Amino acid sequence: MISSAQQNASLSSEAASLIHTTAPLVIESAVKQYSQGGRTVAALDQIHLRIEPGEFVAIMGASGSGKSTLLHAMAGLIAIDSGRVLIDGQDLSHLSDAQLTRFRRERVGLVFQAFNLLPTLTAEANIRLPAGRVKDLDSKVENLLERLNLMSRRSHKPDAMSGGEQQRTAIARALVCEPAIVLADEPTGSLDSVTGQEICQLLRELCSEQQRTIVIVTHEPQVAMWADRVVVLKDGKTLAEFSPQHQQDAQEIAALYQQALLGRKDSGDA
Amino acid sequence: MREVLQLALASLREHPRRLLLTSLATIAAATLVVWVVSGYDALLKSHDEYAELSLGTYPLAIAPIDTSDPPSVPVLVATELEQDPAVAAVDRMWLLRTKLTPAAVQQKQAPSSLPAGTKKRPQIRSRYGGGPAATIPDIVLLATDSANAPFPMKSGEWLSRKEPLQVIIREDLAVRMDLAVGQQVYVGDDSTGATLTVAGIITVPVIRTAGGESMTPLRTPGSGQMFVTSQTAEQLTGSPAEISFLGISLKEATDIDGFRFGWAPRLSQFSTPVQFQRAIDIEEALDESATAENVKIQAFATTGISLIVASLVILCTLSMGVSERIRQYAVLRAVFMTRSQIALLIGLEGFFLGAIGFAGGVLLGQLLLWLTVTPAAEGLRYQGVLGVNCLALAACTTFGAALLASLIPAWRATRVRPVDAMSLSNQTRNARQWTWPLLPLGIILIALNPILTFLFPPGFGTQVFVSMAIGFVAMAIGFTLITPALVSLVDQQLGPLLSRLLHIDPKLLDSQLSSRTWRTSGAAISMAVGMSLFVAVHVWGMTMLDAFIPGNWAPDALLAFHPYGLPPEQADQVRQIDGVDPIRCEPIVVEQPRLLNDLTGSAERASVTRQDNVVIVGIDLQSAFASESPLFEFNWSSAERQQMAGKLNSDRACLVPDHFLEETGLQIGDSFQLVPPENPGTPVEYAIAGALHLPGWHWQTKQTGFRSRTHRAAAIVFADYDAVAEDFSLPTASYVWLSYNSPSADPPQIEKEASRLYSSVLNQPASAGRATEDKPGVQIMPVEGIRQQTRDAAAGWIWMLSQIPLISAAIACIGMLNMMLVSIRSRSWELGVIRAIGITRGSIVRAILAEGILIGIVACVISLGFGILAGWCGAGFAKYTSFFGGLSPTLIIPWAEILLGMALFLTVVTVAMLWPALKIGRTSPHLLMQQGRASF
């Protein structure tokens, strides 16, 4: 699966630096329940998932299927009720709040649907924000600005940038600390289809060229088709997994997704 | 840290207008502190300068260690020091208090037409200052045999031991009394004294306090206003010279520190331990004086008020920022920030606001000091100084306010969960759920203060302050807790009413305040701080004042016959004067004797140390109280009057105020003993025949000169004229107490007629009005004048005390303006839609104004509640902090003043709201909707 991702590399090899991860991202028997209107809802119900280093995984599912909850659990944003989330062999449930913050800063890049750039800061300042005293920060920021085609926008504040530019800035911010894993929650949800595809291509390149682990949550087949593997969730459970053919088979993804949902329904009904 | 700093600065820059308004409020608060505290610093600087000069030519002085009531320096100290080869001179100094009169106006003997034993009686001093020819009471006389003048001589020569009857006068005193070298002055009182020749005028540094009055003298050469030799002083006093302190001169090349360290241990071992006094010790003593302490308390009180107001304004700003950026904090938490970094971010924002306030406040304060004179510094050499205290308290106000204000917003921001970053909208938790549950808790806390004041009265001493602290803090917290409920109530009850008044669609105002409960509460509380103090000052002041205004019991006027009094048999002629009610006119004798026993507990209770005495008035009791037409009117039935007449028949029966019985535990029928000042070895006993309710006897006795011996008295006591005259050796009546025979009576005319009478009695000219040193006089003192003067003086004080609360309320208005701008900004989209669907610009403007007025009303409601309770409880506590004659004053609410203050306040609020209202009114609906969409 990783080898297929490399086919789409478009960035120069000089600009890209390889991110070496040693261990897979593992979710074991993850359970997360919410209380809603007096009844308990299982957002994650015994989820098992293993994501290899450098793999691009799309998590699909309908609203309420648990896909965002799963991503939040991977980022250490929420604590699961039972089970384990292991990143580089580290069980996130054993980390304190401060350790989780450090973990997110150093190991995970987060990309949000609403971009979540700070409106008071310029694009460059937003990118630099989480970096702290990262070594060679200036050159890294320059590389990111250049790679993400943000050079002309570096001094602009978010309200003076387009949606695509804002999301590219958000991705640059997610990458500035060189995390091994990038977690993206509906990264194209607030963008038009063309810009959305540009963002997907960018994520693909990051995966292929730098061996970063990319996990995106989406319900759009056009986004999922860029992934090495698609995991379909329903009612907090893994419904199906399949590997799409990159950039060529959005229709096929949609069909497989529908099939997975219907198949599960059929089997459930049966 | 760098990122946090960057973000904090960016957050502040995000809303320049908000930053400007918050800074303005903080700067104003700091300026207020600088302005007030500069007076304290000026005072300290004056002390510093005076301390450097007050020792004169002496590098050191030696005085007793015990400063409370220090005894003399032992003679042995001087003789031993004189044997030290390093010592050039040891000058013995004796400090005394005496009177100074130009010899030309020295008093004469009482006229022979008056009864034997008639003496000059003290005049009323409370209302009038002395002119150049008047006696100056309590001049500090310094007796010394020093060969050289301790200060530069302005003119004349220093004292010569060969010329004993000489005096050196301090320059300012010489100017004040128009004295020159070679003139004669009379030094001393009626019993002892002598005529001295002014040998020289000396330039001595003068220490002035805030009011321009001289301070309690310190044991330094600089305290002397007149200088005489020891021999002269002994002649003046009739007693041998003592040593109040020693002035030490050292030989050249003597190491002062070495000398001091060598002698210090020995000095403390004398029978009366003594110590060296250097300039620094004098400065310390001055800084700890009561005057300095009062100015210091004023400085701290202002700092406290300013700190609260500034912190509430900053709190509103930071809270609004947190509410708006709640999702940003979630993102920061999700991406890289720890909770402590988020807290630091808010803290830094507050710190920057505090820093701006501090810098701006100090600069503006300095500017104000150049332009004006602060009240505390009036009369001082330095008219407001930007000193250490100024800077420290301004820093306390601004940075303290910033720190306090940061706590809640920082806590709120740290509660944000990183996962909230994933949601698409700002999510703030609903605070309305706390509105009503907090109400009962708030009411309980508020009730604690009156309960502690009136149901569980504290004892005297520390317990009073503990009770006050608990009660007032609980009340402040209580009012804070009930504020959300008040916001809700005002919103629900007055919102519709205001809508009708301003012709606004009620829906435009509906729940606007309640939906932003905490923000509105914060703005209302910040404004209520100043207004509450304003109301409290007025309620407390008027409640206390009412108890001190002479009541209807007091006859219309007093005629004072100074300085010799009027033989009682001549008083009948006063009855004949036109305008005087001949039946209700009685001569009286007045004395202020000490109580033989400590009936008031003055020895145990520091606050009543001087209330160990009473004012006793000798009067014809039957005529004044028990006749058919008594001078003193009480609502007695004829049976009661007859009963009283019976009781007053006994020889030394007396009437006392009702509170005197309460405070002393005495009952009707009990007796108490008094010590006649002229004959202290023979106490006299009086039996209590009845108790009267005599509100305001305090000012009646103070302003009429009844309290001739000390400032305070525990009671006014009425007894038989002859008994009092005999017991206290008062052969003449010093006053005639009278009522007018008609409302049109003319007091000046009565005074004029009485002076003619007095002139004929004395066989010498007498003036109408105050007596002078060479001319007796008759002065009329109408009770209405006493009432008016008391009211005027109190009103002046009350309004002066109200200044800082009013200024702080105005400062808080800036905070509210800020809050409203944010509130409007957050509703831009909504307002744009309202305008787009056809609501007029005028309606929107009126709705915004109405919203501001409603917040102002919430502040007024809080202020009324807090102020009235605080004033009432404060008056209640006053009973325990000072004797106040054992008063339990009735609550008086000066509605006119309070409503005027509130109207003024609501006007300021409305004017402040014009800006946001008009701003919104002028913005197009399209632009409003665009602004509303652009928020993160």
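Two strands count as paired if DSSP finds at least two bridges between them. The model used here is predicted. Strands of a sheet pair through backbone hydrogen bonds, and they do so either parallel or antiparallel.

Start with a pair in chain A. Strand S7 (residues 181-185) and strand S8 (residues 213-218) of chain A run parallel and are joined by 5 bridges. Opposite Ala184(A) stands Ile216(A) in S8(A).

This pair belongs to an open sheet of 6 strands with mixed pairing, in the order S6-S7-S8-S3-S9-S10 (chain A). At the edges stand strand S6 (108-111) and strand S10 (237-242) of chain A; each has a single partner strand, so one side of each has no neighbour in the sheet. On average, neighbouring strands of this sheet are turned by 20 degrees against each other, direction ignored.

Now turn to chain B. Two packed helices are described by the angle between their axes and the distance between the axes. The axes of helix H1 (residues 2-14) and helix H10 (residues 339-371) of chain B come within 9 Å and cross at roughly 50 degrees. H1(B) and H10(B) are therefore oblique to each other. The crossing of H1(B) past H10(B) is right-handed. Among the residues that make the contact are Val4(B) and Leu5(B) of H1(B), and Leu344(B) and Phe352(B) of H10(B). The contact residues divide into 9 nonpolar, 2 polar and 1 charged.

Notes:
Residues are numbered from 1 along each chain as its sequence is written. Chains are lettered from A and ligands numbered from 1 in the order in which they are written. This is a predicted model: local features need pLDDT of at least 70, side-chain atom pairs count only at pLDDT 80 or more; totals for chains, interfaces and linings use all residues. Axes are lines fitted to C-alpha atoms, for helices over the stretch in contact, and angles run from 0 to 180 degrees between N-to-C directions. Helices (H or I, at least four residues) and strands (E, at least two) are DSSP runs, numbered from the N terminus. Angles under 35 degrees count as roughly parallel, over 145 as roughly antiparallel, 65 to 115 as roughly perpendicular and the rest as oblique. A crossing is left-handed if the near helix is turned anticlockwise from the far one by less than a right angle, and right-handed if clockwise. Two residues are in contact if their C-beta atoms, placed from the backbone, lie within 7 Å. Ala, Val, Leu, Ile, Met, Phe, Trp, Tyr, Cys and Pro count as nonpolar, Asp, Glu, Lys and Arg as charged, and the others, Gly among them, as polar.
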